[in-house]
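Work through the following exercises with the structure in view, and try each task before you read its solution.

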Amino acid sequence: MERSLLKLLKKVRESYRDDNFLHWLHDLEKFVAKVLAVCLVAVIFVSLFDLIRVLIVELWQEPIGFFNTTLIQLFGLFLNILIALELLENITAYLRKNVIQVELVLVTAIIAIARKVIIFDSSKYSYLSLIALGVATICLSVSYWLLKQLREGPQP
């Protein structure tokens, strides 16, 4: 009994060495990323089903072929799916290269801000909200441009 306890303690001590512990953390990160990817795929399919349902209902209501839902709301549904696909791309890129790709994150954020601008309802929000969206758009765009410039290197 005492020998097996000592063996167990030795294994525990070994597992907490820096390289073993970091390997364990890396495996945990990969597992969490895979679970996130599966959950996001489920969200994408549910959102796609919802979009198809809304389109079918809207197309067959009276008057036929005209939307009761505004186009802005329909575009919002499309962009939600696009944003989810971009998030899935971020996760799969992380799983492939084991690095968070800042460029993909910025593109996803730009799409999300663009969605907010497209579906912006001026009756619900103040002009300060629109200004904030504009500032966020400019900041993200400049960040993306700077990142591209750094990756491409100096131009002759």
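**Exercise 1.** Find which residues of α4 are buried in this predicted model, and state which helices these buried residues pack against.

*Solution.* Begin with the burial, where a residue counts as buried if its relative accessible area is under 20%. Next, look at what surrounds them: the buried residues of α4 pack against α3 and α5.

**Exercise 2.** Determine how the axes of α4 and α5 (residues 127-152) are oriented to each other, and describe the residues that make the contact.

*Solution.* First, take the axes, which come within 10 Å and cross at roughly 155 degrees. Angles over 145 degrees count as roughly antiparallel, and therefore α4 and α5 are roughly antiparallel to each other. The crossing in which α4 passes α5 is left-handed. The contact includes Leu-106 and Ile-113 of α4, together with Leu-140 and Tyr-144 of α5. Finally, sort the contact residues by type, which gives 12 nonpolar, 3 polar and 4 charged.

**Exercise 3.** Compare the span of α3 (residues 71-97) with its expected span, and then describe its surroundings.

*Solution.* Helix α3 has 27 residues and reaches 39 Å from its first C-alpha to its last, which is close to the 39 Å expected at 1.5 Å a residue. Its buried residues, among them Leu-74, Leu-79, Ile-83 and Tyr-94, pack against α2 (18-60) and α4 (102-118). Just after α3, Asn-98 takes a positive phi of about 65 degrees.

Note on methods:
Residues numbered from 1 in each chain as written. Predicted model: local features only at pLDDT ≥ 70, side-chain atom pairs only at ≥ 80, totals over all residues. Heavy atoms only, no water. Helix = DSSP H or I, 4+ residues; strand = E, 2+ residues; numbered from the N terminus. Expected span 1.5 Å × (residues − 1). Buried < 20%, exposed > 50% of the residue type's maximum accessible area, 1.4 Å probe, protein only. Contact = heavy atoms within 4.5 Å. Axes fitted to C-alpha atoms, helices over the stretch in contact; angles between N-to-C directions. Parallel < 35°, antiparallel > 145°, perpendicular 65-115°, else oblique. Left-handed = near helix turned anticlockwise from the far one by under 90°. Nonpolar A, V, L, I, M, F, W, Y, C, P; charged D, E, K, R; others polar.
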